[in-house]
Amino acid sequence: MGDLDIRAAVTDDIPALVALLADDPLGAQRESPDDLTPYLAALERLSADPNQHLVVAVREGRVVGTLQLSIIPGLSRRGSTRSIIEAVRIHADERGSGLGTRLIEWAIDASRRQGCRLVQLTSDTTRTDAHRFYERLGFQASHVGFKLQL
């Protein structure tokens with residue numbers, strides 16, 4: 001496999017990113033590659049916010065992975081800044097190659113550089129394989145999450 005580049009996502013990456021997001025049973029229900037307009041608007045908002053980092057992993061000119069890293073200043077934990085990793089996706093051809101580990105390590109290192117004292121991540125409760133992967137990287141299940149669809 002060729003060299004890997006992890007960089008900020010750009011407009012031209014959106015079709016590949018949406019394809020990654022839609023390439024599983026959960027994503028297939030909530031993503032729509034037929035209309036990229038909302039994704040382009042989201043990228044514009046994310047790119048304008050210095051605390052948001054939507055990154056892509058590119059190998060041989062092809063987007064093969066992605067994640068979003070959010071930096072959140074806080075008052076709790078003695079005013080600590082934390083980060084949240086979300087929307088981690090690896091292309092089916094790359095799963096098991098170590099790419100996921102490299103992306104998460106990139107996010108942890110970026111969090112340290114931003115002065116974060118805690119790294120959290122979100123993962124749907126049905127993604128048991130992903131949970132085992134995160135545990136192998138040292139993450140510990142710590143919270144019960146709730147959501148409200150608006």
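Which residues does Ser83 touch, not counting residues up to four places away in sequence? In this predicted model, Ser83 touches Leu69, Ser70, Ile71, Ser111, Cys116, Leu118, Val119 and Gln120 when those sequence neighbours are left aside. Ser83 itself lies in strand S4, and with a relative accessibility of 0% it counts as buried, because that term applies to values under 20%. One of the residues touched, Ser111, is also a polar partner, since the two side chains make a polar contact at 2.7 Å, which falls within the 3.5 Å limit for such a contact.

**The sheet and its helices**

Strand S4, the element that holds Ser83, belongs to an open sheet of five strands, in which the order is S1-S2-S3-S4-S5 and the pairing is mixed. The edges of this sheet are taken by strand S1, residues 4–8, and strand S5, residues 116–121; each of them has a single partner strand, so one side of each remains without a neighbour in the sheet. On average, and with direction ignored, neighbouring strands of the sheet are turned by 25° against each other.

Helix H1, residues 14–22, touches S2, strand S3 (62–73) and strand S4 (81–90), and the direction of H1 makes about 85° with that of S3. Helix H5, residues 99–113, touches S1, S2, S3, S4 and S5, and the direction of H5 makes about 30° with that of S3.

**Aromatic rings**

The structure holds two aromatic pairs, and these ring pairs link Phe133, Tyr134 and Phe139 into a cluster. A pair of aromatic rings is described by the distance of the centres and the angle of the planes, and the table gives both values for each pair.

| Ring pair | Distance of centres | Angle of planes | Class |
|---|---|---|---|
| Phe133 and Tyr134 | 5.3 Å | 55° | tilted |
| Tyr134 and Phe139 | 6.2 Å | 70° | edge-to-face |

The assignment of the classes follows from the angles: planes over 60 degrees apart count as edge-to-face, so the 70° between Tyr134 and Phe139 gives that class, whereas the 55° between Phe133 and Tyr134 leaves that pair tilted. As for accessibility, Phe133 counts as buried at 18%, Tyr134 counts as buried at 8%, and Phe139, with a relative accessible area of 15%, is buried as well.

**The chain as a whole**

The protein chain has six helices and five strands, which follow one another along the sequence in the pattern β-α-α-α-β-β-α-β-α-β-α. Its radius of gyration is 15 Å, close to the 15 Å that the globule rule gives for 150 residues, so the chain is as compact as a globular protein of that length. Along the principal axes, the C-alpha atoms fill a box of roughly 45 × 30 × 30 Å. Of the 150 residues, 35% count as buried. Among the contacts between residues at least 6 apart in sequence, 59% join residues at least 24 apart.

Key
Residues numbered from 1 in each chain as written. Predicted model: local features only at pLDDT ≥ 70, side-chain atom pairs only at ≥ 80, totals over all residues. Heavy atoms only, no water. Pairing = 2+ DSSP bridges. Helix = DSSP H or I, 4+ residues; strand = E, 2+ residues; numbered from the N terminus. Axes fitted to C-alpha atoms, helices over the stretch in contact; angles between N-to-C directions. Contact = heavy atoms within 4.5 Å. Phe/Tyr/Trp six-rings, centres within 6.5 Å; stacked < 30°, edge-to-face > 60°. Buried < 20%, exposed > 50% of the residue type's maximum accessible area, 1.4 Å probe, protein only. Polar contact = N/O pair within 3.5 Å; in protein donor to acceptor, adjacent residues only side chain to side chain. Rg over C-alpha atoms; globule rule 2.2 N^0.38 Å.
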